[in-house]
Amino acid sequence: ITKPLTGIGNYALQLAEGIPKNKQVSDFKLYSSHQWISDANHALKANETLARVRKNIPLKGPALKLYTWQKNLWFKSKSKPFDEDYILHSPNYLLLPFEGPSVTTIHDLSFLRYPETHPPERVALLEKELPKSIKQADAIITDSEYIKSEVHEMLGINKEKIHVVPLGVSKDFRPYSVEDIAPVLLKHKLHGL
């Protein structure tokens, strides 16, 4: 959950805001910037420093490997107390090392189908680390039936392990009243439609 929020960042933010509201969830924690935090707004603030560092020091080559190794090492030690009573969910493909149950979300396989559209470091990281996450995961979430079929066919994952959970839609996306849209139609000279 780091600004500027992209698709997966928005997905993670919406989960972080929504899951604690579910009465079936008795406890909820976020791990962000190498620490356990309590809410999504705290995550956005905690990640501001990381975002500045990443902007000035791109995570490529050895720096990316060192960062990934260090992040995994820190998480493994800080997550030990939660191994038995918590479920780890990664909203962004790669799971951190965790002894308890875990779930990851795979949004698409564009890094395999269209690697030229991704930074080479991302492709290399996903090619190396995603098989480990898939093996670790007790369940995999995909956004659609199509992605589920791709994950099954391209990665050889048993369909029973893959669960389709369609993305939610913001309340901002709704039919607008005639009064709401009238000024926009007038501005663009579309009032006769």
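Visitor: Which residues of strand 5 (residues 139-142) point one way, and which the other way?

Guide: Ala-139 and Ile-141 point one way from strand 5, Ile-140 and Thr-142 point the other way, and all are buried, where buried means under 20% relative accessible area, exposed over 50% and partly exposed in between, with a 1.4 Å probe and protein chains only. Strands (E, at least two residues) and helices (H or I, at least four residues) are DSSP runs, numbered from the N terminus. This is a predicted model, in which local features need pLDDT of at least 70 and side-chain atom pairs count only at pLDDT 80 or more, while totals for chains, interfaces and linings use all residues. Residues are numbered from 1 along each chain as its sequence is written, and side-chain values use heavy atoms, with hydrogens and water left out.

Visitor: In what order do the four strands of the open sheet stand?

Guide: Strands of a sheet pair through backbone hydrogen bonds, either parallel or antiparallel. Here the order is 3-4-5-6 and the pairing is parallel; two strands pair if DSSP finds at least two bridges between them. Strand 3 (88-90) and strand 6 (162-164) are the edge strands, each pairing on one side only. Neighbouring strands of this sheet are turned by 25° against each other on average, direction ignored, with axes as lines fitted to C-alpha atoms (for helices over the stretch in contact) and angles running from 0 to 180 degrees between N-to-C directions.

Visitor: How many bridges join strand 4 to strand 5?

Guide: Four bridges join these two parallel strands, and Val-103 has Ala-139 in strand 5 as its bridge partner. Strand 3 pairs with strand 4 (residues 102-106) in the parallel sense over three bridges, with Ser-90 opposite Thr-104 in strand 4. Strand 5 and strand 6 likewise pair in the parallel sense, over three bridges, and Ile-140, one of the buried residues of strand 5, stands opposite Ile-162 in strand 6.

Visitor: Why does helix 7 (residues 178-187) lie largely in the open?

Guide: An α-helix has 3.6 residues a turn, so residues three or four places apart point the same way. In helix 7, the number buried among its ten residues is zero, so this helix lies largely in the open. Lys-189, which follows helix 7, has a positive phi, near 55°.

Visitor: What does the secondary structure of the protein come to?

Guide: The protein has seven helices and six strands, in the pattern α-β-β-α-α-β-β-α-α-β-α-β-α along the sequence. Buried residues make up 31% of its 193 residues.
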